[in-house]
Amino acid sequence: MKVLNQNLLITGGASGIGKIMGRIAIERGAKSVVIWDINEKNMQAVKAEHEKIGKASVYCFKVDVSDNESVQAAYKETVKATGSVDILINCAGIVTSNKPFAQNTASEIERTVRINTIAPMYVALAVINDMIARDHGHICTIASAAGMLSNPKMSAYAASKWGAIGWSDSLRIELSAAKSKVRVTTVAPYYINTGMFDGVQSKIFPILDPEKTSAKIISAIERDVDFKGIPFPFHFIRFWQGVLPTRFFDWFFGEVFGIYHTMDHFTGRKS
Ligand SMILES: NC(=O)c1ccc[n+]([C@@H]2O[C@H](COP(=O)([O-])OP(=O)(O)OC[C@H]3O[C@@H](n4cnc5c(N)ncnc54)[C@H](O)[C@@H]3O)[C@@H](O)[C@H]2O)c1
């Protein structure tokens, strides 16, 4: 769905690619951009930046997307402000550490799954019935390449993104079977240089540029792409997992490409 004249809701829109996608949507003629984020200070700063572009209404609501009551309440406020949500981009996400699984705490695991897997479902649940009733809408979920490649030292994150991909793609198939015009795009990017994964080192595949990645995601929404792996070779991960013996896959992608060591020097965003 073209973003021109549409109302966009972007969770996690106060930072990283969520922030950039908001700006790009405004530049491409969106009618409004609504940011839902937990970080009030960043959100107000981003709202002011977006408003300087001057072409769209910008709203922001402080929401913990992993809290369903807050999500439902924020949706009511959003509809009051904009009339409708035409495009939802589920972008809010967290990573807690690069610890081996055995050193994770139960609360780290729970928080990761609540924010990365369950929250996109809560937000989609809030918007979807209105979208179906209007037979108009698009739900894009930013998962991760970690949702296809079980990278070590990020097991809870990988699990959460694996779940996000499964849910989002299932939703796509349901809507398509119902001949709905509501579209779904699932996005699985490799590391992006936003700060979230500061310290990661990638031997072969370059760390992605946030600006280019954000533009690719908005273009994927505009072209109703079902599944977008970034970079393109990541579309074939499942193929290689299917045809190669597991030990060979682990050696080739993990050791030769070095992907299984990318998290070794992870620090994450410091502030
Ligand atoms: N950066 C990467 O390398 C990378 C790679 C693949 C996928 N992703 C995914 O892309 C998305 C955006 O990543 P980014 O790098 O722009 O991250 P970021 O940390 O810059 O932005 C994430 C935003 O989500 C918000 N947020 C976190 N928890 C929230 C909650 N409970 N409720 C509401 N808002 C909340 C944060 O305040 C922040 O503004 C995430 O889902 C991430 O998992 C990132």
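Which residues of helix H5 are buried?

Modeller: This is a predicted model, in which local features need pLDDT of at least 70 and side-chain atom pairs count only at pLDDT 80 or more, while totals for chains, interfaces and linings use all residues. Residues are numbered from 1 along each chain as its sequence is written, and side-chain values use heavy atoms, with hydrogens and water left out.

Helix H5 covers residues 155–177; helices are DSSP runs of H or I of at least four residues, and strands are runs of E of at least two, numbered from the N terminus. With 23 residues, H5 reaches 33 Å from its first C-alpha to its last, close to the 33 Å expected, a span defined as 1.5 Å times one less than the number of residues.

The buried residues of H5 are Ala156, Tyr157, Ala158, Ser160, Lys161, Ala164, Ile165, Trp167, Ser168, Asp169, Leu171 and Leu175. Buried means under 20% relative accessible area, with a 1.4 Å probe and protein chains only. Their cover includes helix H4 (106–134) and helix H7 (237–243), together with strands S4 (87–90), S5 (137–142), S6 (182–189) and S7 (227–230). After H5 comes Lys179, whose phi is positive, near 55°.

H5 also gives two or more residues to the lining of the largest pocket, as do helix H1 (16–27), strand S2 (32–37) and H4. H1 provides the largest share of that lining, 3 residues. The lining has 47 residues in total, and Gly93, Ile94, Val95, Met196 and Arg269 lie nearest the centre of the pocket.

Technical notes
Buried means under 20% relative accessible area, exposed over 50%, partly exposed in between (1.4 Å probe, protein chains only). Contact means heavy atoms within 4.5 Å. On a 1 Å grid over the protein atoms alone, a cavity is a set of points where a 1.4 Å probe fits but cannot get out, and a pocket is an open set with protein on both sides within 12 Å along at least five of seven lines; lining residues have an atom within 4 Å of a point.
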